[in-house]
Structures are given as C-alpha cells and as structure tokens.
Amino acid sequence: MEIKAVCPTCANVYQISENLIGKKIRCKNCQAVFVAELNPKVKIEDEEPVDVEPEETKNERLSNDAARLRMAHKKKMQKQNLNKPKSPAMIPAISYFLGVIFTCIVLVGGGGTLWFIAKNQIKNQPADADGQLNTELDQTESTKNQAANVSDPELEKIIAELDQKEPGWRIEELEAKRKVLTPEENSALVISESYKLLGNFEQRKPLWELGKLPDLDMVAIKSSPQQLLTPPSINLIKTTLGTFQPSLIEARKVAKLPQGRFEITYAPNIANTILTPLDATGAISHLLTIDGLIQAQDGKSQQAMESAQAIFNIARSVGEIPFPISYQVRGRICAQSIRMLERTIALGEPSKDSLSQFQSLLENEASFPMFLHIAKANRASNYAVLSSLKKDKDMIKNLKGIFDLKDDEAIATKLVLEEPTILSWLLKYSNSLVAIANLPQQDQQKAVTELALKLNEKNMLFVKLFTSPPKKIWETSHSNLAILNCAITSLAMERYRITNGKWPRKLDELVPEYLAKLPTDPFNGESLLVGTIPGGLVIYSVGPDLQDNNGLVDDLNPLKEGTDIGFRLWEVPMRRQPAK
C-alpha cells in the first residue's frame, strides 16, 4: 500500500510505501527533513539546516540543473589545473618537446596519472558518512528509473542493431580483440622493468629537476632545434643520466620492439578500473628524451635516432586499450618522439638506413585509424561506466567524490544520469561519432560540427563531464595524423637530399623511390605544403583552423589558431648552430 507524504516546509507531495511511516524523509525539493506520517505535523527541528531551493516548474528545474552541471564541469577543469605543477617559468617552455604536461604528472608524485585517469574514467571513491539521511525514498525512485531503463524499447532496439551490425562493440569484447604478444616481442614488459629501475619518487625526482635548465636552452630546445645546448645544461643532463643508467640501458631496448601490450586489470565494476601501467610510458619516454638530447648534442646521430625510435615505440606500446585516455597518451608520446626526431636531424646527419627504418614505422602508425578507435573506445567505455553508475546506490556520494560536487550539483548530475533515455541517447550520440569517423577525412569536420550543434545544453554538459566534445576528439586524432604525415614526408626529403645533394623541387619527385604515395593533409584532404624558414624548409599541414599560415609552427601550442602543424628541416651548413 502507498500513502502520500507531504513536506511541511514546501508542501511537495510524495508517494511512498507505508513501511516508511515514522521514518525520516529528506525533501528533494527543499531539502527539509521530516517524519513521514499519515497526517504530517512534525518537522524535524534538531537537524542541521540544509540549503533550501525554491519550488520550481519543470522548465526552471531543467535550466537550474544545466547550470549546476556547468558549474560541475568548471570545477572539474579547475581541479585538473590545480593538480598541474605551477612553475610558469619552467613548464610552459618545455611542456611539448619534453612531454612535461604528461610526464610531470608521473614524475612528481608518481600517482598523478592515476588521478587524471580516475577523473576521466569515473573512478568510484569511498562514500562519506552522511548517508543515513538519504532514505529509502531515494533508493526506491532510483530502482524505478533503473527498471525503466532496462525496459526501454529504444535502448533494446539500438543494442540489437549494434550487435548485428557491429558485433564486438562492448568494452570487454574490444579488450578481447587486443593482440596477444610473446614476452620476447612485448615492449610493455621492458618499459615496466625500466620504470621499476627508476626507483621511488625521491629517486626519480632529479629527472624532473632537469626542467630547471636555463631559459635560453629551453628556447633552443623548443623553437630552435638546430641550436646546441650550453655547457651548464650539458653537465647537468649528463650527471643526472649517470644516476639512471640501469633504467636507461633497459629503456633503449624498446627501439627494437615496435609492439607492446600492457595487461589491464578490470574491476568488477568497470567504473573502478585504473590504467596504472600507463604511468611507466610517460616516465620512460621522458628519460629517453633526455638521453636523445645529449646524444644529438654530442653528434651521435645514430644513438639519438635510436632514442627517438624507442620513444615512438613506447607510444605504440599503449596499443588499443579501449579507453579514450589511452589513445591520448599514444598520440602525445608519438608527437614527443617526432620532435626528438626533428632535433636529431637538426643537429646532425642520420644515415639513410636509419631514416628509412623510422619512416616505415611512421607510415605504419599513420595507417592506424585513430579517430575511429577513439570513437569506439569512447562508446564502449562510457556505456559501461554509465551503466555501472546508474546501478550505483551511492551515486550521489560517488559523484561528489569524483567531481568534488556540492550536494545540489551532485543531485543535478544524478537527475541527468537517471533520465530513462540517457543510455539510449548516449549510444545514438556515440554511434553518430563512429559513423563520422568512417567518413572520408575531408568530410569529417563538417559532420563533427553538425553533431555538436545537435547537442542541447544538458547533453553537451554530459559530454564535457564524461568524455570530450566531438570537435576536440576530431582535432586530437587529426593533429596526430598531420604531424605523422609531415614527418614521413620530411624523412623522405632528407633521404632524397642525402642521395642527390639537394632538396627536390616538388614533392612529386619523392614518388615512388622515397614514398609510395604522397601523404595528404588530414584536415582538408589536400597535399601537404612546403614553406621556407631561415636556412631550411618546413613541411606542414594547415591544422584545425584550415588556414595556410605560411608554415608558422608553435611548439608550445601546436593547435593555436593562426599556426600550422609542421616538421622543419635545415640545410646542413645551418645545422648544429652555437648555443646563444
């Protein structure tokens, strides 16, 4: 039997089971606490006052919910910023080339990457202690919503169509598709061992201290790869590397291991899965970058090429772990290796064989459909995580732990997640993103823009909280392919120069001896462009703004509007310029 319970503060009416008579109820409308009675008279006076919300119409409530979600997203971004190291003189100058935006999280504290992944992959936190006040009323309503979702005809139809057209789309099925490697060919085992040899946090700390190199050297590393380092920087790097020789010797082995597979332990509740192995990739790629700097400085081009290739193979070791964050790590470290490659050529003349070998690796990576894999991982992981959250009886507490939300913000988020059609909407949105990823590259930007325009305010806030906006995913994957294609073309150009003593007059001259076909600009589907820089050339893509900015490359902010994405080559006499 059900009875009506009326909040004595705001007169909101609830239908509750009769077994709740005499128990404390918290009003969802005004947050007042009262005792459920057949003839309600008693208001709890000894409870701590709760922030009171005025009674709202349905439209007003939806608007306020969206505002709370917007604040939740703002808090999420603020906390991410707070957790980044804050030395403005040090980090911005070297973050892209040394990969510090990623590796500083790993090196400083060792667990920072876990924090980042936990925020993005929805790690449940321990519940806090105020749970008794959220009564059976909340749990009953939650159960009704869950039951409604289970019987959602549209959701059942979408899943049935997916199972027929794209079998294997779920996260456990994507995991099962990951390639199994023998221990001898698995770079992940070597990377993990090298990471162990780095020692604990205090022992790894000197690697981060290398960020205190003089400002001019940071400019040389970033914007003038052809400039040598100053003696103080050289001495500091060599002294530091001497401490990490066992780890470095192990890490260099990765240059010959282009495949890797990290084992991921999936929690029974997918929302609790932590991608701990990815910590090692950032730390060891940072170590190898420092090694490559000093090898190139000493004129040891072959050894520097091996370090750059090892960094590149670390990126590939991430493989196809079915979480979006894993592909972000893969792309970030890939770009880091290409910047190391650019500097290696700027300070020497690597052999044709080493250039050809690296070019083959780059071509293999460029054939990997990054956008499609991100879209599929986004669909699988978010569906699994959201399904887990919807069954979570402590959703509000866990949302507060995940995003540091206030009570009303967590309640607003919970209301969105408990909407009966949220899973249907998520799969339809995710399927649209996968379909766009299957389009020709030149057609994807328009489709991504149209998809973003279809998102209403609440949907967009959900996307920002639990994943990334569609345009951001598109830009990330295409930027990765753009720098790959620029590097491939540049290596072919360098090989041509070694053979012929000059650059080709046109890119077409590279085909077929140095390139099977010319790589294109993924942002517009057209040919890559060639520009001039003092003493050399730049092969570049127009980038996400689709504007030709004459090959202006900004290493510190490669996606900055008004810049291009490119790879620079210098004439031999303009290489190995003195430090300034």
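Salt bridges and burial

Tutor: Arg252 has a relative accessible area of 33% and is therefore partly exposed; buried means under 20% relative accessible area, exposed over 50%, and partly exposed in between, with a 1.4 Å probe and protein chains only. This is a predicted model, in which local features need pLDDT of at least 70 and side-chain atom pairs count only at pLDDT 80 or more, while totals for chains, interfaces and linings use all residues. Residues are numbered from 1 along each chain as its sequence is written, and side-chain values use heavy atoms, with hydrogens and water left out.

Student: With which residue does Arg252 form a salt bridge?

Tutor: The partner is Asp291, with the closest N and O atoms 2.7 Å apart. A salt bridge here is a side-chain nitrogen of Lys or Arg within 4 Å of a carboxyl oxygen of Asp or Glu. Arg252 belongs to helix α12 and Asp291 to helix α13, so the pair ties together parts that are 39 residues apart in sequence. Helices (H or I, at least four residues) and strands (E, at least two) are DSSP runs, numbered from the N terminus.

Student: Is Asp291 buried or exposed?

Tutor: Asp291 counts as buried, at 2% relative accessibility.

Student: And what about Glu175, which residue does it pair with?

Tutor: Glu175 forms a salt bridge with Arg261, the closest N and O atoms being 3.6 Å apart. Glu175 sits in helix α7 (residues 171-177) and Arg261 in the loop between α12 (245-252) and α13 (278-297), so this pair ties together parts 86 residues apart in sequence. Both Glu175 and Arg261 are buried. A network of salt bridges links Glu175, Arg178, Arg261 and Glu263.

Student: How many salt bridges are found in the whole structure?

Tutor: The search finds 17. Another of them joins Asp298 and Lys238, with the closest N and O atoms 3.4 Å apart. Asp298 lies in the loop between α13 and α14 (301-317) and Lys238 in helix α11 (residues 231-243), so parts 60 residues apart in sequence are tied together.

Student: Changing topic, how many disulfides are there?

Tutor: The count is zero, a disulfide being a pair of cysteine sulfur atoms within 2.5 Å. Among the cysteines, Cys334 is buried at 1% relative accessibility, and Cys486 is buried at 0%.

Student: Finally, what is the secondary structure of the protein chain?

Tutor: The protein chain has 23 helices and seven strands. Of its 580 residues, 55% count as buried.
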